[in-house]
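Hi,

Here is the structure I promised to pass on. Have a look at it first, and then read on for my notes.

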Amino acid sequence: MRKFVKFAAVVVAFAFIPMLAVAQQIDLVHTITGMPLDLSLSPKEGQDTPAVKQFLKTGHNPYNQVESCMHEAEEMFLTACSGCHGHVGEGKIGPGLNDNYWTYPKNTTDKGLFETIYGGARGQMGPQGSLRTMDEMLLAIAWIRHFYKDSPEDADWLTDEQKAAFVPYDPENPVSPTETLVCEIPAQ
Ligand code: HEC
């Protein structure tokens, strides 16, 4: 009996290890196959930043609309995505990301957009999950949300309050984010 209790304790302890590694409360699935995404492929650093923790709990990207993080967000997008999608998401060999048309409608949610980036989609849109940290992906998402140029009405990722304050991006007059701010997300 004692042995069994010990064994059961070990089993329970192991069952909790993945939860400790990534405290995930939303179910993330691949955009094309619908299969669960394997977050263990993600680089270890950047798995437990405050932003990633909040995102895995709520499905919302805490970097969105945070002025102080826009410089890093832009840098991230320029490093990883703009070669195919254009500097402000105007589209190149990859589709435009700055308007209200989405091949995959779920990309109007941060959760959906994260899934598309992490797991990839079709053709040249390969999975980014093992190439970038989750924190970097959230930053790239914040830049995508920032350069959105269409009506805030279609911007499902914004809260009602954010919709009221949102100024659509003007690709004709791009404004560079301030470089000197320290990126900090509001406390939850
Ligand atoms: C090598 C080129 C390439 C790179 C690099 C790339 N993409 Fe893509 N992306 C594509 C192509 C091509 C598609 C169209 C795939 C499809 O329709 O399934 C696409 C599709 C997408 C979509 C779906 C758009 C929609 O309308 O639903 C999103 C979102 C996206 N990419 C974001 C990103 C982000 C963010 C990065 C950087 C982390 C990135 N991509 C890097 C080529 C690329």
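This is a predicted model: local features need pLDDT of at least 70, side-chain atom pairs count only at pLDDT 80 or more; totals for chains, interfaces and linings use all residues.

Cys 81 sits in the loop that links helix H3 (70-80) to H4. With 14 C-beta neighbours inside 10 Å, Cys 84 counts as partly exposed. If you skip its neighbours within four places in sequence, Cys 84 is in contact with Lys 92, Ile 93, Gly 94 and Gln 124.

Which residues come nearest to it? Out of the 23 residues around the ligand, they are Cys 81, Cys 84, Gly 94, Ala 121 and Arg 122. Two helices, H4 (82-85) and H5 (110-119), each give at least two residues to the shell around the ligand. Sorted by class, that shell has 13 nonpolar residues, nine polar ones and one charged.

Back to H3 for a moment. Its buried residues are Met 70, Glu 72, Ala 73, Glu 74, Met 76 and Phe 77, and the buried residues of H3 pack against H4 and H6.

H6 has another contact worth a look, this time with H2. The axes of helix H2 (residues 50-58) and helix H6 (residues 134-146) come within 9 Å and cross at roughly 80 degrees, which means that H2 is roughly perpendicular to H6. On the H2 side, Ala 51, Val 52 and Phe 55 take part, and they meet Met 134, Asp 135 and Leu 138 in H6. By class, this contact of H2 with H6 has five nonpolar residues, one charged and no polar ones.

Finally, the overall picture. The protein chain has seven helices and zero strands, so the pattern along the sequence reads α-α-α-α-α-α-α. Of the 188 residues in the protein chain, 30% are buried. Looking at contacts between residues at least 6 apart in sequence, 65% join residues at least 24 apart.

That's what I have for now.

Cheers

Key. Residues are numbered from 1 along each chain as its sequence is written. A residue is near a molecule or strand if its C-beta atom, placed from the backbone, lies within 6 Å of it. Helices (H or I, at least four residues) and strands (E, at least two) are DSSP runs, numbered from the N terminus. Ala, Val, Leu, Ile, Met, Phe, Trp, Tyr, Cys and Pro count as nonpolar, Asp, Glu, Lys and Arg as charged, and the others, Gly among them, as polar. Axes are lines fitted to C-alpha atoms, for helices over the stretch in contact, and angles run from 0 to 180 degrees between N-to-C directions. Angles under 35 degrees count as roughly parallel, over 145 as roughly antiparallel, 65 to 115 as roughly perpendicular and the rest as oblique. Two residues are in contact if their C-beta atoms, placed from the backbone, lie within 7 Å. A residue is buried if 20 or more other C-beta atoms lie within 10 Å of its own, exposed if 12 or fewer, and partly exposed in between; C-beta atoms are placed from the backbone.
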